[in-house]
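Some notes on this entry follow, as numbered points. Please read them beside the coordinates.

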Amino acid sequence: MGRRPAGRHRRAVGPAVPPRGGGGGVVDSHAHLDSCEVPPAELVAEAAAAGVERIVAIGVGRESSERAVALTREHPGVHAAVGVHPNDADGFTDDDIAWMRDLCADPKVVAVGECGLDHHRDHARPANQRRAFSAQIALAREVGLPLVIHTRDAARETLDMLAAEAAGHPVVLHCFSLPEHLDEVVARGYVLSFAGPVTFPKSLDLQRAARDVPAELLLVETDSPYLAPVPRRGRPNRPANVAHTLRFIADLRGVTEAELDELTSANAARVFGW
């Protein structure tokens, strides 16, 4: 594959987009379509019927990243992010950067990730996670694509690495779970993507973050097939369910669902460059 033309994607989040004039349909900014039990074609059709116009299919390794890119060729509303999840970092080599670089040349690839740090389980040694994360930050800067970040039980270390290695680069904190760091991440201009947990009754700190985050830094996602929102909690998640999260956050912010739809869709278009 050829390299992506320089400058196709912005390297800064940029100003807020007015809520009227640029959205055009709900965006699920993070879904693992290849991990769902339902065939991707059925999920995409169901989501479209629910008003979900675009889905970012996420890669967590070579095979899932390649499948995500393949889905973009079958479904015009699907875009892809390619990366290596921190839980799989023990086997990370320079070859991983090579195949990611090749995939990033595809115009339907809109981000590098999900990548980051995860110390919740011992799936990969911390040093290897840091090495893989650092390499993917460098790749995102090289190809001019935003980073999609996974962090679990590693908030301070993740934020410190981003400050040191990704300053000024677009960052999406997927399934935002760091409400205690809201002021810091907002000051850095990171985009916060909220998933089903924001709808859980006990997630009061997360709900305050979704209410208070500046409008231009807000996205919604499903993380399908995980973390289904209320009223689908406990069931396998699907991209169509992003409408429940959108509606919940609209109520928190005191705006209409249509207004938040246009806002978050315009934010996704700006961040991901479509």
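1. Which residue in S3 is the bridge partner of alanine 57? The partner is alanine 80. Bear in mind throughout that the model is predicted.

2. The pairing that includes this bridge joins strand S2, residues 52-58, to S3 in the parallel sense, over four bridges. Between the two strands the chain passes through helix H2, residues 62-74, and this β-α-β crossover is right-handed.

3. S3 also pairs with strand S4, residues 109-118. These two strands run parallel and are joined by three bridges. Valine 82 has valine 112 in S4 as its bridge partner.

4. Strand S3 spans residues 78-82 and is mostly covered, with five of its five residues buried. Val78, Ala80 and Val82 point one way from the strand, while His79 and Ala81 point the other way. Residues on both sides are buried, His79 among them.

5. Phenylalanine 176 lies in the loop between strand S6 (171-173) and helix H6 (182-188), and phenylalanine 194 belongs to strand S7, residues 191-194, so the pair ties together parts that are 18 residues apart in sequence. Both phenylalanine 176 and phenylalanine 194 are buried.

6. Phenylalanine 272 and tryptophan 274 form another pair, with ring centres 5.5 Å apart and planes at 25°, so this one is stacked. How do the two partners stand in terms of burial, buried or partly exposed? Phenylalanine 272 is buried, at 1% relative accessibility, whereas tryptophan 274 is partly exposed, with a relative accessible area of 26%.

7. The charged end of arginine 233 sits over the ring of phenylalanine 200, at 3.6 Å from the ring centre.

8. Finally, a loop residue. Asparagine 241 is found between strand S8 (218-220) and helix H8 (242-253). Is this asparagine 241 buried or exposed? Asparagine 241 has a relative accessible area of 9%, and it counts as buried because that value is under 20%. Leaving aside residues up to four places away in sequence, asparagine 241 touches Thr222, Pro229, Arg232 and Pro236.

Technical notes: Residues numbered from 1 in each chain as written. Predicted model: local features only at pLDDT ≥ 70, side-chain atom pairs only at ≥ 80, totals over all residues. Heavy atoms only, no water. Buried < 20%, exposed > 50% of the residue type's maximum accessible area, 1.4 Å probe, protein only. Pairing = 2+ DSSP bridges. Right-handed = clockwise from strand over helix to strand, strands pointing away. Contact = heavy atoms within 4.5 Å. Phe/Tyr/Trp six-rings, centres within 6.5 Å; stacked < 30°, edge-to-face > 60°. Lys NZ or Arg CZ within 6 Å of the ring centre and 35° of its normal.
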